[in-house]
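Colleague: I have the entry open and would like to go through it with you. Could you take my questions in turn?

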Amino acid sequence: MIMHSRSPEEVMTEMKSTLKALQVLRDETQLKMHLASMDLSQAWDSLQPKLKEAERLVQHAAESASEATLDAIKSTAKELHTLSEALSASHAS
């Protein structure tokens with residue numbers, strides 16, 4: 001198996017793009033929060049530190065952009081997306 005090694009610039013570009021999508025999703029999710037149940041509110045609260053950490057990592061990763069950092073940001077984005085979908089389903093009910 002041959003692994004493609006991306007340059008730090010390529011990884012940083014994808015991290016910034018992923019962070020932007022994460023921030024947009026965060027803002028959309030905040031608009032839905034007033035309709036959330038208590039369980040969803042608790043999930044939201046537990047995601048907040050992860051979102052802050054993702055923002056901090058991207059701001060400080062310019063010289064050392066890594067796949068691991070990108071994976072951590074993508075993982076947080078996936079969690080937020082799942083919460084957003086749950087909010088949408090909750091709102092549709």
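Colleague: Which residues is Thr-76 in contact with, leaving aside its neighbours within four places in sequence?

Modeller: In this predicted model, Thr-76 is in contact with Leu-22, Leu-47, Lys-50 and Leu-51, once neighbours within four places in sequence are set aside. Thr-76 itself is found in helix H3.

Colleague: Is Thr-76 buried or exposed?

Modeller: Thr-76 counts as buried, because its relative accessibility is 8% and the cut-off for buried is under 20%.

Colleague: And what about Ser-75, where is that placed?

Modeller: Ser-75 is also placed in helix H3, which covers residues 67–92. Its relative accessible area is 39%, so Ser-75 is partly exposed; that class lies between the limits of 20% and 50%.

Colleague: How far apart are the C-alpha atoms of Ser-75 and Lys-50?

Modeller: They are separated by 9.6 Å, although the two residues stand 25 residues apart along the chain.

Colleague: How does Ala-72 count in terms of accessibility?

Modeller: Ala-72 counts as partly exposed, because its relative accessibility is 36%.

Colleague: Change of topic: at what angle do H1 and H2 pack?

Modeller: Helix H1 (residues 8–32) and helix H2 (residues 38–60) pack at an angle of about 150 degrees, and their axes are 11 Å apart. That angle makes H1 roughly antiparallel to H2, because angles over 145 degrees fall in that class.

Colleague: Is the crossing left-handed or right-handed?

Modeller: The crossing of H1 and H2 is left-handed.

Colleague: Which residues make the contact?

Modeller: From H1, the contact is made by Met-12, Met-15, Lys-16, Leu-19, Leu-22, Gln-23, Arg-26, Thr-29 and Gln-30. From H2, the contributors are Trp-44, Leu-51, Ala-54, Glu-55 and Val-58. By class, the contact of H1 with H2 has 8 nonpolar, 3 polar and 3 charged residues.

Colleague: Now the core. Which members of the largest nonpolar core touch the most other members?

Modeller: That core has 21 residues, and those touching the most other members are Met-12, Met-15, Leu-22, Val-58, Ile-73, Leu-80 and Leu-83. The elements giving two or more residues to this core are H1, H2 and H3.

Colleague: What does Met-15 touch, not counting residues up to four places away in sequence?

Modeller: Under that condition, Met-15 touches Val-58, Ala-61, Ala-65, Ser-66, Thr-69, Leu-70 and Ile-73. Among these, Val-58 and Ile-73 are also in the list of core residues that touch the most other members.

Colleague: Finally, what is the overall secondary structure of the chain?

Modeller: The chain comes to 3 helices and 0 strands, and its pattern along the sequence is α-α-α. Of its 93 residues, 31% count as buried.

Colleague: And what share of the contacts join residues at least 24 apart?

Modeller: The share is 86%, taken among contacts in the chain between residues at least 6 apart in sequence.

Conventions:
Residues numbered from 1 in each chain as written. Predicted model: local features only at pLDDT ≥ 70, side-chain atom pairs only at ≥ 80, totals over all residues. Heavy atoms only, no water. Helix = DSSP H or I, 4+ residues; strand = E, 2+ residues; numbered from the N terminus. Buried < 20%, exposed > 50% of the residue type's maximum accessible area, 1.4 Å probe, protein only. Axes fitted to C-alpha atoms, helices over the stretch in contact; angles between N-to-C directions. Parallel < 35°, antiparallel > 145°, perpendicular 65-115°, else oblique. Left-handed = near helix turned anticlockwise from the far one by under 90°. Contact = heavy atoms within 4.5 Å. Nonpolar A, V, L, I, M, F, W, Y, C, P; charged D, E, K, R; others polar. Core = buried A, V, L, I, M, F, W, Y, C linked by side-chain atoms within 4.5 Å.
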